[in-house]
Amino acid sequence: MKYFLILGTNPALSIAEIDFYFKKREVSFDLEIQSKDVVFLQTKTKLDLEKIIKELGGVIKAGEVLCETKKIKVDNFVDVLGSDFQDLDYKFKFGFSFYGGDTLPLNSIAMNLKKILKEKNISSRWVISKEKSLSSVIVEQNKLVDKGVDFFIYRKASSFFLGKTLAVQDFKGLSRRDYGRPARDDESGMIPPKLAQIMINISGAQKDDYLLDPFCGSGTILAEEVLLGIKNIWGSDSSEKAVQDSRKNINWLLRTAEQTPNLHLDKIDATKISTKMERFSIDAIVTEPYLGPQRGAHDIRKTVASLEDLYSKSLEEFSKILKKEASVVMVWPVFVSREGNKKKYFLENINIDKYKTIPLLSEKYLNNEFAYLSRRGGIVYGRPGQKIWREIVLLKLT
């Protein structure tokens, strides 16, 4: 089976997540990077893309590649549709999502396809967009997965790969969990649910594992662990407000969740966590710690030194409660200078003597120009104008 996956805003993170996700599930697969937007996934078994896309934070759309052709004709799209069409009691909608180079004029193909559908007594409408490809929002709003089709077109050299979208990211659910939850703390900053999903998948955590977020904040990572089916979840923070915010948000989420995990929330300072938690009890830590001042001017060098001390002490404590070879997936801040040179300041002096750093991208994916990697093999991302970027780091306890 050959599938296409449309990547999120940070292609390197998306690719790393996909790689870790399928390896964890022991799925035999081959991943071919086509561009910063598209990868092809070859498997021996059929995949449940609707389920998978709910669990991948870095994949926007997914579908099946059905044919390769040198020249695009209307017959190609008829073949993609298949022969399961009878009289429909709704208007059938279709659209084209073009990737990999300049688009082609598709008016003639669209009109001929409408004509063919009409001959089958199927009323249809062509869904168009200002962009070359239809967004997941447009696909969902027009029900192109259930009551229509989003045709996938990928141009590679002189060939075209054609297919159809089978699943799109749950943007409504992600937005609800981000902006609709009862407790938010904009002052201290919040990790996006998509990134939380990516980090959990990178950790390699299994459903029966014990996971800890020792800087749980308002509980974003804990919430995504609940939705990913993790059964044993610990959250802690030095702030009582953060613990209560997490409790509110998790209780709100559990009203509609499919299962209730074994959940523990406590007020604990991360640098003293071994005094309150059982030794060698945790399989993985996934966390975004305090990243420094979110607003106002501050001395970057002093902030970096302070965070290096906090993270070093925390990692020392984590080593006392983690099982052997347990994973730690953390966000480390990258500060962007306010000066004209926009120099980036990384945290370079964190004591990780008890850990080994694991590159997030396998060697075969390292030559891609869209991957911004730190010297540790962490993946760096941020937007122009942001004062603090993120570096995603994977550590293994030795």
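This is a predicted model: local features need pLDDT of at least 70, side-chain atom pairs count only at pLDDT 80 or more; totals for chains, interfaces and linings use all residues.

Student: What is the strand order in the open sheet?

Tutor: The order is S2-S3-S1-S4-S8-S7-S5-S6, eight strands with mixed pairing. Strand S2 (29-33) and strand S6 (124-127) are the edge strands, each pairing on one side only. From one strand to the next, the twist averages 30 degrees.

Student: How does S2 run against S3, parallel or antiparallel?

Tutor: Antiparallel, with five bridges joining S2 to strand S3 (residues 38-43). Within that pairing, Asp30 stands opposite Gln42 in S3.

Student: And which strands does helix H3 touch?

Tutor: Helix H3 (residues 74-81) packs on the sheet and touches strand S4 (59-69), strand S5 (92-99), strand S7 (148-156) and strand S8 (159-168). The direction of H3 makes about 35 degrees with that of S8. Helix H4 (residues 107-119) also packs on the sheet, where it touches S5, S6 and S7. For H4, the angle with the direction of S5 is about 155 degrees.

Student: Switching to aromatics. How many pairs are there?

Tutor: The count comes to 15 aromatic pairs. One to look at is Phe40 with Tyr154: the ring centres are 5.7 Å apart and the planes are at 75 degrees, over the 60 degree cut-off, so the pair is edge-to-face.

Student: OK, cavities. How many of 30 Å³ or more turn up?

Tutor: One, from a search of the whole structure. The largest cavity has a volume of about 60 Å³.

Student: Which residues line the largest cavity?

Tutor: Arg177, Arg181, Pro193, Thr220, Ala223, Glu224, Asn249, Trp252 and Leu253. By class, that lining has four nonpolar, two polar and three charged residues. Helix H8 (220-227) and helix H9 (240-254) are the elements that give two or more residues to it.

Student: What about the second largest pocket, what is its volume?

Tutor: About 690 Å³. The lining of this pocket has 22 residues, and Lys54, Glu55, Leu227, Leu228 and Glu258 lie nearest its centre. Two or more lining residues come from each of helix H2 (49-55), helix H6 (171-179) and H8.

Student: And the lining of that pocket by class, how many of each?

Tutor: Seven nonpolar, six polar and nine charged residues.

How values were computed: Residues are numbered from 1 along each chain as its sequence is written. Side-chain values use heavy atoms; hydrogens and water are left out. Two strands pair if DSSP finds at least two bridges between them. Helices (H or I, at least four residues) and strands (E, at least two) are DSSP runs, numbered from the N terminus. Axes are lines fitted to C-alpha atoms, for helices over the stretch in contact, and angles run from 0 to 180 degrees between N-to-C directions. Contact means heavy atoms within 4.5 Å. On a 1 Å grid over the protein atoms alone, a cavity is a set of points where a 1.4 Å probe fits but cannot get out, and a pocket is an open set with protein on both sides within 12 Å along at least five of seven lines; lining residues have an atom within 4 Å of a point. Grid points are joined across faces, edges and corners, and a volume is the space filled by probe spheres set on the points. Ala, Val, Leu, Ile, Met, Phe, Trp, Tyr, Cys and Pro count as nonpolar, Asp, Glu, Lys and Arg as charged, and the others, Gly among them, as polar. Rings of Phe, Tyr and Trp (its six-membered ring) pair if their centres lie within 6.5 Å; planes under 30 degrees apart count as stacked, over 60 as edge-to-face and the rest as tilted.
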